[in-house]
Each structure stands twice: as C-alpha cells, then as structure tokens.
Amino acid sequence: MANDRERWGSRSSFIFAAVGAAIGLGNVWRFPYITYQNGGGAFLIPYFIALITAGIPLMILEYAVGQKTQGAPPVALKKIWKKAEWIGWFAVVLVFILATYYATIMSWAVNYFYHSFTLAWGRTGGEINAFFNQALLGKSGSPGILGGIQWPVLVGLAITWILIYLALFKGVKTLGKIVYFTVGIPWLILIIMVVRGLTLPGAVEGLNFYLTPDFSVLLQPKVWLAAYGQIFFTLSLAMGTLIVYASYMPEDSDISANAFMTSLANCGTSFFAGFAVFSTLGYLAQSMGVSVPEVTTSGLGLAFVTYPTAINLLPVASQLFGALFFLLLLTLGIDSAFSQVEPVVGSVVDKWGLNKKWVLPSICILGFLVGIPYTTRGGFYWVDIMDHFVCTYGLTLVGFLECIVIGYIFGASEIRGYINSVSDVRIGPWWDVFIKVITPIVLGVSFVMQFIKLVQKGYSGYPMWTAFTGIGLVIVLIIISFVFSTRKGGNP
Ligand code: PFF
C-alpha cells in the first residue's frame, strides 16, 4: 500500500506546499490586525513564544504522524491508537467547514480583483464601505435573515472551487509544481507592496504604530490567547493538512528541519506583510488627517475596505496596485484553500479505497453547495461565526487531543526516537515536555476561558442563539466523526 502511495516530486515541493498552506489570508489581514489590537510590537513576544512552545512542537508532531503512518488523518491516528480514528475525522470535518467559508472570502477577492481594473469600489471612504457591505455583500443586518443570493459572490465561489479542483486533480506531483507559483508570485507582489508602502508619505507613522511595544499588555491573558490562536491558524495546525501532506513523503524523510523551515518561512512572511499593511495605513491616516488607530477597521474590513481606500489615494497607477493587491490575496489564499480540501479527499480515499478521480470532484461540488448560504445577504455573519467556532474550539480541541494521544498513549519519547532517526536536526527531551505538558495546558486553558466568555457574553454581539448554533455544530461534527470512525474501511 505504502509503495503505490502518491509522492511529492521532491523535498522542496513538499516544503513549498506546506509553506503555501500556511501562508494565506491569515498573514496579510489577520496577523497585522491582531498585532495592532494586542499591543503592537509587544505582541511579537507572545507570538514568538507561542511559535516555540506550541507551533513548532506540534508541527513536528503532525509531520511525524503523517510520515510514519503514511496515511491521511483518520488512518494515521488509528495506526497511532486504535481508538483515535475519530480525532482524525474530527480534524477532517473541521477543515471541510473551514474550506467552505475560506472559499467564500476568496470569492470576495475574486470580485475585487475584477473591479480593481476600473476601481469600481468608488472614491470616498463612504462609497467604498457601501461597495463592500451593500453592493457586494448586500448585508442583511442580522445572521437570522439570510435574504437572497448575491450572484457575483456565488459566481466568485464557483470560480474558486473550479481553481481548487484544477490544482488538485492531477495529484500531488503536479500540485508540487503549482505551489512554486502560488508561493513565489505572492512573495514578489509582497515585495512590490512593501517597497511601494515604505516610499509613501506617512509610512513611518504606520510603522511606529506596528512596531512600538506596549509591554503592559503582556499581563493580559487575552493577548496570550490571541498569540496562540494566531499561531495555530497561520501554521494550519490541527486541521489534518500537515498530516496528509507529510504522508506523501517517504518514511525516511527529514522532519525537524522541514518543520523549522516551514514555520519560520510562514512567520517571517507575516512579519514582512506587516510592513506593507502598516506603511500603507500610515499613508492613509496622513491623507485623511487622522491617527493610525482611527483608520483600521477590524478583521476583514482591513483587506476589503481600508485597502481599496488606500489604493484610491495612490498618486500613480492605482489600478495596477489594486489589481496586484487582490492578486496577492488570491494567490496567497488559493494554496491554503486547496490544502484544506486535500485532507478531506485523502481521508476518504485512504479509508474506503475509492478512486480519487471521483472523490475530488464530489468533495468540490459538496463544498460549493455547502458554501451557498455564505453567498446570501446574511452570509457575511455566518462566515464570521463559523470562523470563530471552527478555529477557537475545534482547532484547540484537536490540538489538545493530538498531544494527549501521542504524548501519553503512543509515547512522546518513542515518536521522538523516530523523528531523530530520520532528521538532520535532532530534537531533545524538551520536546516531550512541550507535547505532554505545556502545549496541552495552554490549549486546555484557552478552550475553557473562551468557552466561559462565550457563555457569558455570546459571540461578538450576535444573538445568543448563534452561539448555541456554533456549539451545536461542534457537537454534531464530533458525532459525525465518531460515526465515520465506526464504518468499515475498504483498505487494510
Ligand atoms: N494558514 C492559513 C492562513 O493563514 O490563511 C489558513 C489555513 C489553511 C488554516 C489550511 C488551516 C488549514 F488547514
């Protein structure tokens, strides 16, 4: 079985694919915004600590599990411990839900890319805001009102799913070639954006804002939670992606150096993207005669409202920079998007031995259909709600369970022995301590604290029933995972 398994063309294909999965929309809007919200420069300290104490140890673990077992998450976890298959399925169903809304955000970027050639989003801040909220999304005002479908968003969604299908249908060898472009092109564009940003008047103000530390925030637990959450999201941990990608590597390939390389490349990209975003925001603040905190809108607004405003103000070639920025988002996002689909496809193929030729298009069509509610007028709120529940609860739970199963049941030192037997960089007993104690404690505490906050206040000002829907969804996904794990597989 292991011998006819699909293979990457080369080690660098694998690294590029893992880097491509990691680098995505999360690096360009989420990282800068979270950094700003959590104390600017001082946030980089918990961020770095989270990378060392949870990001890298868990990445090493997932690479090791995928590579050692040569299976997609459910099969892989089952080989680690018979009763753990459902954890693999849980990661897979979560990443499927993630893929459905991630593709919707990609669809917005597809629309903006199209409109950038004519700068159709308007001129003033008000017009641009209205373009995003009314013209494109037609926001209904509440998650309870879905309203009709916004056709351009639906078309963008279809285009995104077709691109995902095209990237994956020839198998991982071809995928390994595509990722050179989907990682290379955004990097080139990012360099252009940073140079452009830094040469704009007011850039320094933006950078001061980005890099000046406010150490008092280090005493707030929410800052530490945000740092760990961002590390998980950005490295694509606990979602099955890294396990399935590593399973296409031969069993004796290096693990630890690959993990160090991919995580540092990803976090370096985030840090670099911060320069492009904040220098441009500094320029925007100066042009509008306000301070930098006053121009930043939260989360997605940064990419879809603040950026077009800044692009309009550029003295020359706004169309070009508009198109480049949205091309950046698209090329950054697409390899993350298909990395969310591959674990789903790989898991079904590995468990039931079905033909990938049929599984892939079926999953793509299903993903598109499940995504249709996000294209309605209430869709924006559901993207936001799903993101919160999948990432805050699902992801931390999977990470926690992986640590327990590998750390205690399989044995941390045992799997470390395997890692060291194939890797150039040897890892010491410190890794066992992280996997068995530090990472699960951090994840457990984070889960409980977020949950208490949710029960007390609901999520983000939405009605309380949306919080129950989110919790219900996580429970239903766990049940589905159990059901899948009890089905008989078609493969030994
Ligand atoms: N790491 C991606 C980003 O920063 O945009 C998001 C992501 C991709 C999460 C793949 C999970 C995943 F499996």
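Analyst: Tyrosine 102 puts a polar side-chain atom 2.6 Å from an oxygen atom of the ligand. Keep in mind this is a predicted model: local features need pLDDT of at least 70, side-chain atom pairs count only at pLDDT 80 or more, and totals for chains, interfaces and linings use all residues. Residues are numbered from 1 along each chain as its sequence is written, and side-chain values use heavy atoms, with hydrogens and water left out.

User: What does threonine 234 do with the ligand's nitrogen atom?
Analyst: A backbone N or O atom of threonine 234 lies 3.1 Å from that nitrogen.

User: How much of the ligand does the protein bury?
Analyst: 99% of the 340 Å² that the ligand exposes when taken alone (Shrake-Rupley accessible area, 1.4 Å probe; for residues, only the protein chains shown count as cover).

User: And which classes make up the shell?
Analyst: 8 nonpolar, 9 polar and no charged residues. Here Ala, Val, Leu, Ile, Met, Phe, Trp, Tyr, Cys and Pro count as nonpolar, Asp, Glu, Lys and Arg as charged, and the others, Gly among them, as polar.

User: Switching topic: how many aromatic pairs are there?
Analyst: The structure holds 44, counting Phe, Tyr and Trp rings (six-membered ring for Trp) with centres within 6.5 Å; planes under 30 degrees apart are stacked, over 60 edge-to-face, the rest tilted.

User: Why is the pair of tyrosine 381 and tyrosine 462 called edge-to-face?
Analyst: Because their planes sit at 80 degrees, with the ring centres 6.0 Å apart.

Definitions and conventions: A polar contact is a pair of N or O atoms within 3.5 Å; within protein, one must be able to donate a hydrogen and the other to accept it, and residues adjacent in sequence count only if both atoms are side-chain atoms.
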